[in-house]
Protein chains: 4
Amino acid sequence: MKALVLEKQGVMAIRDMPIQGEMGPDSVRIKVKNVGICGSDVHYYTHGRIGQYAVKEPMILGHEAAGVVEEIGANVKGFRPGDRVCMEPGIPNGKSRASKLGLYNLDPDVVFWATPPVHGCLIEEVIHPAEYAYKLPETMSLAEGAMVEPLAIGIQAAKKARIVPGDVGVVIGAGTIGIMCAISALAGGCSKVYIADNKQEKLDIAGSYDGVIPINFTKEDPLKKVLGDTDGWGADVVIEASGAPAVYPGFADYGCPGGKVVLVGIPIDPVPLDIAKIQAKELDMASVFRYANIYPRAINLIGSGKLDVKRLISKTYSFEQSIAAFKHAERMEPDVVKIMIEL
Amino acid sequence: MKALVLEKQGVMAIRDMPIQGEMGPDSVRIKVKNVGICGSDVHYYTHGRIGQYAVKEPMILGHEAAGVVEEIGANVKGFRPGDRVCMEPGIPNGKSRASKLGLYNLDPDVVFWATPPVHGCLIEEVIHPAEYAYKLPETMSLAEGAMVEPLAIGIQAAKKARIVPGDVGVVIGAGTIGIMCAISALAGGCSKVYIADNKQEKLDIAGSYDGVIPINFTKEDPLKKVLGDTDGWGADVVIEASGAPAVYPGFADYGCPGGKVVLVGIPIDPVPLDIAKIQAKELDMASVFRYANIYPRAINLIGSGKLDVKRLISKTYSFEQSIAAFKHAERMEPDVVKIMIEL
Amino acid sequence: MKALVLEKQGVMAIRDMPIQGEMGPDSVRIKVKNVGICGSDVHYYTHGRIGQYAVKEPMILGHEAAGVVEEIGANVKGFRPGDRVCMEPGIPNGKSRASKLGLYNLDPDVVFWATPPVHGCLIEEVIHPAEYAYKLPETMSLAEGAMVEPLAIGIQAAKKARIVPGDVGVVIGAGTIGIMCAISALAGGCSKVYIADNKQEKLDIAGSYDGVIPINFTKEDPLKKVLGDTDGWGADVVIEASGAPAVYPGFADYGCPGGKVVLVGIPIDPVPLDIAKIQAKELDMASVFRYANIYPRAINLIGSGKLDVKRLISKTYSFEQSIAAFKHAERMEPDVVKIMIEL
Amino acid sequence: MKALVLEKQGVMAIRDMPIQGEMGPDSVRIKVKNVGICGSDVHYYTHGRIGQYAVKEPMILGHEAAGVVEEIGANVKGFRPGDRVCMEPGIPNGKSRASKLGLYNLDPDVVFWATPPVHGCLIEEVIHPAEYAYKLPETMSLAEGAMVEPLAIGIQAAKKARIVPGDVGVVIGAGTIGIMCAISALAGGCSKVYIADNKQEKLDIAGSYDGVIPINFTKEDPLKKVLGDTDGWGADVVIEASGAPAVYPGFADYGCPGGKVVLVGIPIDPVPLDIAKIQAKELDMASVFRYANIYPRAINLIGSGKLDVKRLISKTYSFEQSIAAFKHAERMEPDVVKIMIEL
């Protein structure tokens, strides 16, 4: 069947590939319908590697997917052919100590789509463990289903923030993940969320959500704004979603006494933190690695209409145009949040 | 100055009363502008007592208030005359063990407006400790300010539920407090909230909020609905807001494994609980007594536009008509949520 | 191989039975060495059923076990023959929603030793999933290994109590599980734990632990004692481990404002709770159903020497004498905590 | 009355000073009996300042104190002359937003003994707010009472670690505060606590507690030891108590997936953290600034005999010898934990 294959750094092709894996009693076979392009997909294309993960063999790209169930294994309950589903791209060893604790995202043996040498989901059909496929409600499109994956990171961050209703939030960085964090924190109980960046187009998109307050830090001091609006108290929740080293020594300034910080951005090298400043407010700093048990939450939030992800789909390409889609994503246009491929 | 005085059970009068208390260095004097009528106010009027609290002397009614600062004490910072504020009606001993822990609502020495023998706030001016007065943002009216008190109970319940973003909520009982719980749980992170009652008018009001799903249990089985909509899993958060004894043995049926129950309704006598059923899901049951540290959260949520309380103000009376207002409230019309008095 | 079989209510036999289950790639085969007798084992013997679980076919008894690894499956890592282990008696479906959340004890499909129609472990050898077998450190005997199961319930209760270091605890009921709760709460951070019962022999055993304060309620009012010792504040943690209906309306009296209650005892019928009293202190009530992810904690606590379970083994019988052991357990002598069988 | 006065950097004198403050209705007057010497006291003596806090006027030293009540204010309940008490050295503004939340340690207006320009407690008598004085049980000496202050930091750290019973702990740094953290974590629910340092004398003292496992990192690799003892899983709780910059990039290596880090040590300058490494385990990092609501917990733990602080009092001096006591503390002998002054 047809797949989008990264042959090697800088070279993609749409070509025939066998279906990956084999149907077992606990599997479902799914016709892939929508795949969103993630920054990591583009990075493998442009750089051929992310850290230790190097593309040494041709690899099918894509890990943000939704589709339609074609076949179900003998033990599978709760699904039938024709069901519309989205799929979690990382499959842990369910018997590991981390998985038993409910922290399956932290299982070191997780097998994750489009992380070398594991193939991704930009292929006509995939075989998937049924427990990592999630039915979509009628109120939700397949394109929205493919948005669950990037949203899940935002919701994981919002969950880790242990938001109390009415909290004030701050998100630093308005990239795709920063926006996902902002809307998740808002849906997750914040009364309002400030988001700071220097790209006005991103801020305009983020600011289109009621309750998200964009701050262009080239024009306005975000710290002054947040402290001014809170009588100097600070924000209850600060989500670092930029990964920019310059942000780290100062993010504590945004937090209120007893506030919470969530570290989502991933700086490459160690970054400096001012421990004494963090301690003076007894800030609690949580960190995020993907997500676990978040898909049902994301589907609840999108399906109920509380959280709109449709406006974040900047452009949709057909599968045949998927190389063009990647080239579009590669340009990193400031007004693009998510490029979607439709199979 | 003029006050609405409950002379004794069944007898109210608008008459002159002295301002209560004395200005100290930490006080503010506030011109009262809006007071909502609470069920407890009506109950003192109709029954002359609530439990151990009996009206033995004439007592000014009212405890849900907003107003305008007239004068500030010598030590008071952060306020100036003309500021619009709402006021927390219960003043604890700040030196008590409970207060030091941040649980000032649980201080047994709390002095609470319109709880005999303490006078309430249906009087032209009140003197109040500055730390229990809260400035209203420009986006918020004084009438909305007076709604903060009943909303605060809902937010306290939502806080106690430790909502995780995307939770499914169920509220049992659509009285004023039940509605406050439902909209607080929704604003506080639930993806949707079912609310069950037998009064269609109340359900219609609750259901006017996007994400609140009303269930008239005289027409539809709420348990079947909730379990059906969640693939049999159940709700993450169940808020008991009816106080109806018949509800208690069965509320666990609504909860999901590891779910949370919040007990807000107050049954008069002990009620039966099925412990084994609760244990089979390891439900966690929190309970609510008024609120602490919730006013800033309520103001954030109303002020940011996330949570609309205006539609819950069913009718507004002038101070001169306040006895008529009480008689209206006493009728308990099913389509009335809150009767407001404007001074 | 030899097994202790409950033929039907009131009739036990030691006789040949085949090994249960089959070795798979993720299994270990274990030579059973120690099995503790639980009240539920005795109850199946004396009554032939517990609630809906009726003994209709001959069933091997026993679920509190430790042994020595004999054989390991192809995929199993971290074990080798000769390893001393204890085994978790309940095996969930690892793919269930509850298991994915880390709440595998709440999976309705759990298969549990010696719960009809599932055979137990009083047999020479068992085949077990490797991920539910736990290595014992050198500092720990196999008899202590068999004590992990009943202790795990106490630790689950202590975990649910979210103990803060220095908390004061109260346990109501000094049966085996009550004692397990008391020593777990103590090891888990309580400064001291009061335990109330009417059986002096049980209280003497509980009171032999430094920090456990026994109260014989036929001689002393436990509430007066706890409130007296805490300046009227109450206990931070109250663990109900009696299941006695008379306890429920009043347990809230022991708790401090903002305190926590853990429901461990299992009353057969619904019991009355005074909701208003619970609310006045905003008590949080958690509940316990077996345990999940507790075995490594129990092994840590016993293995480090912090928590002594040896003194709770009242008498040890050989496997040949196991029917006598059951008859001993059946007598419910007040100074007996745990009867152990050694294979 | 006599006081130990730091006249200026390097110059101390025992001389007459007036009692500080005035008796009010909520005060108690206390005869000071025991004062422990803290590193900060010594630092003011040797350096004349700590950060922004400079000794510009003569200042009475000391903030770790216990004594006997001499006089009580008109409103004070629960105390009478002759009561033995210890005193919390920091007095917040009880009306601040932080105090209302129960986070009174984070109130920026805290007035703290022996922090310029505020006088300390090395004086014959002090006047203190009653709500920050705590009665000692009969089982506890006044010298132990003076140990409550440094222990409180350890308990605050253990509380912030949200220890689950049976956790494995690691403390980095075996100074006075490191030892306090280790014994607090142990008493607070850890099954065992590793403590790493290069000073063998400190490690010997720490290791004298059952369950504290000292590691001299000049002789043994602590990371290898901790991972080896936990089958490579890591520690549930890591407490950084050294403040040594070199520790920060690597402390995450000690933590288990989902583990908790508590930042207690205070490095002067920003220190590098490896965020990606922290995220890979989703570590949660809490931070500590003094303590709030911990004194009753510390008293419970010492008073019940669960936590022994007596062995940490290395030497006791009379008040007349207090300058010699400071010179002893200044030498920082490796086998000295706490120097105590007895008045």
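At what angle do helix α4 and helix α9 of chain B pack? Keep in mind as we look that this is a predicted model. Find helix α4 (residues 148-160) of chain B, then helix α9 (residues 295-303) of chain B: their axes are 9 Å apart, and the angle between them is about 105°. That makes α4(B) roughly perpendicular to α9(B), since angles from 65 to 115 degrees count as roughly perpendicular.

Now let's see who does the touching. From α4(B) come B:V148, B:E149, B:L151, B:A152 and B:I155, while α9(B) brings B:Y295, B:R297, B:A298, B:I299, B:L301 and B:I302. Sort these by class and the contact of α4(B) with α9(B) has 9 nonpolar residues, no polar ones and 2 charged ones.

On the α4(C) side the contact is made by C:V148, C:E149, C:L151, C:A152 and C:I155, and on the α9(C) side by C:Y295, C:R297, C:A298, C:I299, C:L301 and C:I302. The class count for α4(C) with α9(C) is 9 nonpolar, no polar and 2 charged.

Time to zoom out and see how whole chains sit together. Two copies of a chain are related by a rotation about an axis and a shift along it.

For an example, look at the side chains of A:E131 and C:K95, which meet in a salt bridge at 3.6 Å, N to O.

Chain D has its own contact with chain A. In this one, 37 residues of chain D touch 37 residues of chain A. The area buried between chain D and chain A is about 3,100 Å², and carbon and sulfur atoms give 59% of it. D:W233, D:Q279 and D:E282 supply 23% of the area that chain D buries against chain A, more than any other three residues. The rule finds 4 salt bridges across the interface of chain D and chain A. A:R162 forms a salt bridge with D:D284, and their closest N and O atoms are 3.8 Å apart.

How do these two copies line up? Chain D can be laid on chain A by a turn of 180° and a shift of 0.0 Å along the axis, with an RMSD of 0.0 Å. Of the residues of chain D, D:P272 comes closest to this rotation axis, its C-alpha being at 2.1 Å. The same surface serves both copies, as 100% of the contact residues of chain D recur in chain A.

Salt bridges turn up throughout: the structure holds 68 of them over all chains. One links the side chains of A:D229 and A:K225 at 3.3 Å, N to O. Being 4 residues apart in helix α7 (residues 222-229) of chain A, A:D229 and A:K225 are separated by about one helical turn.

Most residues other than glycine have a negative phi, and most peptide bonds are trans. Yet the peptide bond from A:P116 to A:P117 is cis, with omega near 5°. You'll find A:P117 in the loop between β10 (111-112) and β11 (125-129) of chain A. In chain D, the bond from D:P116 to D:P117 is also cis, with omega near 5°. And A:M332, although not a glycine, has a positive phi of about 50°; look for A:M332 in the loop between α10 (322-330) and β21 (338-342) of chain A.

Notes. Residues numbered from 1 in each chain as written. Chains lettered and ligands numbered in written order. Predicted model: local features only at pLDDT ≥ 70, side-chain atom pairs only at ≥ 80, totals over all residues. Heavy atoms only, no water. Contact = heavy atoms within 4.5 Å. Helix = DSSP H or I, 4+ residues; strand = E, 2+ residues; numbered from the N terminus. Nonpolar A, V, L, I, M, F, W, Y, C, P; charged D, E, K, R; others polar. Buried area = accessible area lost by both parts, 1.4 Å probe. Least-squares fit on C-alpha atoms with pLDDT ≥ 70 in both. Axes fitted to C-alpha atoms, helices over the stretch in contact; angles between N-to-C directions. Parallel < 35°, antiparallel > 145°, perpendicular 65-115°, else oblique.
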